[in-house]
Amino acid sequence: MITGDLGDGTYRNPVLAADWSDPDAVRVGDDFYLTASSFGRVPGLPLLHSRDLVNWTLVGHALERLEPAAAFVAPRHDSGVWAPSIRHHDGRFWIFWGNPDHGIYQVNSPDVRGPWSSPHLVKAGKGLIDPCPLWDGESGEAYLVHAWAKSRSGIKNRLTGHRMRPDGSGLLDEGRTIVDGDDIPGWFTLEGPKLYRHDGWFWIFAPAGGVATGWQGALRARDFWGPYEERLVLEQGDTPVNGPHQGGWVRTRHGEDWFLHFQERGAYGRLVHLQPMRWDDDGWPVLGDDGAPVLVHPKPDLPAQPRSAPATDDDFPGGRFGRQWQWTADPGEGWAPLHGSDGLRLTCVRSAEVHDLRRLPHVLTQRPPAADAVVEVGLRLDSTGPGSRAGLTVLGDAFSWIGLERGADGAVRLVHRFAEAGAERERDAAPVRIAPRGRARLRIEIGAGARCRFLAAVPLSSSSADAGAGGVFLPSGQVLAATPWRWVGALLGLFAGSPALPGRTGPDHTGAATFTRFRITPRAVG
């Protein structure tokens, strides 16, 4: 378990050392809830819970499938759920997000664990991103603010405001620009707004300056429509925390203020940091250590909680996978794991894209830790179809996988393949080896800079219940320097597949592969 809780009343950033991108949070009673971007993965809108803002667990997802369904039959890491906002109003949880190709959506539920409503399109259009609602208790009005994606709309560096129906079902006007970043000297890529009411002001917390090197701004106005004045409230300074920005403000029951934001770390994705927050004599927020990120700090003044982090390990009880796993697209017919005895049985779905895991929709993924770690899983290839394969992958703009493949002669072989960024198909990363029992235990050692070494152990006995038990781990091929997608960190994945047959249509498969005992273990260094 990798957690920021140091066990002595202090914490170390990041408090979530994995790709929980574009976080937003809300407090309800003594509980804090956080959601994050999930882009094209399913289920989407992860829901994390904490009682101290340091120790978090994953309690579910608010989005079972992406809509419109036709747009997500294949992986879309550049679309889907962008920068959601989570709020609690009128006894319900509300989550608004932007899909840059289709518009602004929302879901809601009286219970964070669901069931959640079906996605509702609040505003249709291209380039509408990063929406945030506000139900203003002082005036009784409801508002919404959003940013723009230039890649879809040709517009950037602006925030647009709307009056909103109190039930969140739609907007009451065409909207108008309430902040134009071009009018603020030195500010660019203004986005990710979070809207609040505090001390008689409308507040917009919004980042600018770009994902990797930007800063956090705060803007305030007496009227929602402006004019807004701005201040830079968090930047890297002399710290190693590049681009500390985009997140949410929460206040504890006892009146302490805290700010959760991300730091972009390449292949590791966007890691979540926690900053103390106070207000200066002029009523402006001061984040971190006088505007610079803290690395180690006393925990919030809240009751002590057990050290925890979102789950990564999985024994696949009853053939089911845990909440930490997401498909790379909307699930299709025939993908569902075969339930029964322990172990995850994935069908070897036929696909013309089986040679390129980046295009394969039925890869089951989870976030790797931003730390040195060892990833292991057992695998048994049950499928008898020639070309059937299954394995463990590190997936990004470049990818590599190690696993088992059934040859035309019926023999099962250990294979290790990779593809560089931009390559159209995979190729061998190491010579193939016979796996006489059709089993292996697979390992990836993640080191500094997300450099990944692949290993496998092939047992000579089939006596163990574990699909990959036994054998000696041997390294395979060259080290892969993991790479991110455009907006998403690298992913760990499990998959099973088979080549398509010419002239055959409709869902089909050639049997299954069984995965057992998935583990991610912190790796000792030195």
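How do the residues of the lining of the largest pocket divide into nonpolar, polar and charged? They divide into 10 nonpolar, three polar and six charged, where Ala, Val, Leu, Ile, Met, Phe, Trp, Tyr, Cys and Pro count as nonpolar, Asp, Glu, Lys and Arg as charged, and the others, Gly among them, as polar.

## Basis of the model

This is a predicted model, in which local features need pLDDT of at least 70 and side-chain atom pairs count only at pLDDT 80 or more, while totals for chains, interfaces and linings use all residues. Residues are numbered from 1 along each chain as its sequence is written, and side-chain values use heavy atoms, with hydrogens and water left out.

## The two pockets

Rolling a probe the size of a water molecule over the atoms shows where empty space is left. On a 1 Å grid over the protein atoms alone, a pocket is an open set of points with protein on both sides within 12 Å along at least five of seven lines, a cavity is a set of points where a 1.4 Å probe fits but cannot get out, and lining residues have an atom within 4 Å of a point. Grid points are joined across faces, edges and corners, and a volume is the space filled by probe spheres set on the points. By these terms the largest pocket holds about 550 Å³ of space, and 19 residues line it, with Val26, Arg27, Arg87, His88 and Tyr196 nearest its centre. At least two lining residues come from each of β2 (24-28), β6 (82-89), β10 (128-135), β14 (194-198) and β18 (245-251), and β2 gives the most, with four residues. Strands here are DSSP runs (E, at least two residues), as helices are (H or I, at least four), numbered from the N terminus.

The second largest pocket contains about 450 Å³ of space and has a lining of 25 residues, of which Pro43, His61, Ala62, Leu63 and Glu64 lie nearest its centre. Strand β5 (residues 57-63) provides the largest share of this lining, five residues. By class, the lining of the second largest pocket comprises 14 nonpolar, six polar and five charged residues.

## Enclosed cavities

The count of cavities of 30 Å³ or more comes to three, and the largest cavity has a volume of about 70 Å³. Its lining consists of Ala267, Tyr268, Pro368, Val394, Ile446, Ala450, Cys452, Ala482, Ala490, Leu491 and Leu492; by class, this gives 11 nonpolar, no polar and no charged residues.

Cys452, one of the residues lining the largest cavity, counts as buried because its relative accessibility is 3%, the cut-offs being under 20% relative accessible area for buried, over 50% for exposed and partly exposed in between (1.4 Å probe, protein chains only). Cys132 likewise counts as buried, at 0% relative accessibility. With a disulfide taken as a pair of cysteine sulfur atoms within 2.5 Å, the count comes to zero disulfides.

The strands β32 (439-447) and β33 (451-457) run antiparallel and are joined by seven bridges, two strands being paired if DSSP finds at least two bridges between them. Arg441 stands opposite Ala457 in β33. Together β32 and β33 form a hairpin with three residues between them, and Gly449 in the turn has a positive phi of about 70°. In the loop between these two strands lies Ala450, which has a positive phi of about 60° although it is not a glycine. Ala450 is also buried, because its relative accessible area is 4%, and this residue is among those lining the largest cavity.

On β33, five of the seven residues are buried, so that the strand is mostly covered. Five bridges join β33 to strand β34 (residues 474-481), and this pair runs antiparallel, with Leu455 standing opposite Pro475 in β34.

## Backbone features in other loops

One joins Gly114 and Pro115, with omega about 5°, and Pro115 lies in the loop between β8 (103-109) and β9 (120-124). Another joins Gly226 and Pro227, with omega about 5°, and Pro227 is found in the loop between β16 (215-221) and β17 (229-234).

Asp290, in the loop between β21 (285-287) and β22 (296-298), has a phi near 55°, a positive value in a residue other than glycine. Asp290 counts as exposed because its relative accessibility is 59%, whereas Ala450, with its own positive phi, is buried.
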